[in-house]
Amino acid sequence: DELSFQISDSSVISAASEEHEEGDGDEEHHELGFELTGLSVGTTTFTVSLMHEGHADYTSLPITVTITE
């Protein structure tokens, strides 16, 4: 499983996925996260998709981000 991003204006933000695995005894936890980086002042939208075996199991609604000085 991995995250995929569609950014309307990639000059405003970038997105990178982060993967975390933790083991606690017999249980293992697998977490996915992401980090947004502001690149320039402006507003854009992005969607996040949870990819599994080459297709999206889930895609978010558009998320609006505004970068200010």
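Colleague: How many aromatic pairs does the structure hold?

Modeller: Two aromatic pairs. Rings of Phe, Tyr and Trp (its six-membered ring) pair if their centres lie within 6.5 Å; planes under 30 degrees apart count as stacked, over 60 as edge-to-face and the rest as tilted. One of the pairs is Phe-5 with Phe-34.

Colleague: What makes Phe-5 and Phe-34 edge-to-face?

Modeller: The centres are 5.5 Å apart and the planes sit at 65 degrees. Helices (H or I, at least four residues) and strands (E, at least two) are DSSP runs, numbered from the N terminus.

Colleague: Why is Phe-5 called buried, and what is Phe-34 called?

Modeller: Buried means under 20% relative accessible area, exposed over 50%, partly exposed in between (1.4 Å probe, protein chains only). Phe-5 has 18%, so it counts as buried. Phe-34 has 36%, so it is partly exposed.

Colleague: And why are Phe-34 and Phe-46 called edge-to-face?

Modeller: Their ring centres are 6.0 Å apart and the planes are at 75 degrees, so this pair is edge-to-face too. It also links distant parts of the chain: Phe-34 in strand 3, Phe-46 in strand 4 (residues 42-52), twelve residues apart. Phe-46 has a relative accessible area of 3%, so it is buried. Together, ring pairs link Phe-5, Phe-34 and Phe-46 into a cluster.

Colleague: What does Phe-46 touch?

Modeller: Contact means heavy atoms within 4.5 Å. Not counting residues up to four places away in sequence, Phe-46 touches a list of residues including Phe-5, Ile-13, Phe-34, Leu-36, Leu-61 and Val-65. Ser-10 is 36 residues from Phe-46 in sequence, and their C-alpha atoms are 9.2 Å apart in space.

Colleague: How do you know that strand 1 and strand 4 pair?

Modeller: Two strands pair if DSSP finds at least two bridges between them. Strand 1 and strand 4 have six bridges, in the antiparallel sense, so they pass. Phe-5 has Val-48 as its bridge partner in strand 4.

Colleague: Which bridges join strand 4 to strand 6 and strand 5?

Modeller: Strand 4 and strand 6 run antiparallel and are joined by five bridges, with Thr-44 partnered by Val-65 in strand 6. Strand 4 and strand 5 are antiparallel as well, with four bridges, and Leu-50 stands opposite Tyr-58 in strand 5. Strand 4 and strand 5 form a hairpin with two residues between them, and Glu-53 in the turn has a positive phi of about 50 degrees.

Colleague: What makes the link between Thr-59 and Ser-49 a polar contact?

Modeller: A polar contact is a pair of N or O atoms within 3.5 Å; within protein, one must be able to donate a hydrogen and the other to accept it, and residues adjacent in sequence count only if both atoms are side-chain atoms. The side chains of Thr-59 and Ser-49 make theirs at 3.0 Å, so the distance is inside the limit. Ser-49 is in strand 4, while Thr-59 is in strand 5 (residues 55-59).

Colleague: Are those two buried or exposed, or something in between?

Modeller: Ser-49 is buried, with 9%, whereas Thr-59 is partly exposed, with 42%. Leaving aside neighbours within four places in sequence, Thr-59 is in contact with Thr-47, Val-48 and Ser-49.

Colleague: How is confidence scored here?

Modeller: pLDDT is the predictor's confidence in each residue, from 0 to 100. The protein chain averages 89, and 87% of the residues score at least 70. Among its elements, strand 2 (residues 13-24) has the lowest mean pLDDT (80) and strand 6 (residues 63-67) the highest (97).

Colleague: What ground rules apply?

Modeller: This is a predicted model, where local features need pLDDT of at least 70 and side-chain atom pairs count only at pLDDT 80 or more, while totals for chains, interfaces and linings use all residues. Residues are numbered from 1 along each chain as its sequence is written, and side-chain values use heavy atoms, with hydrogens and water left out.
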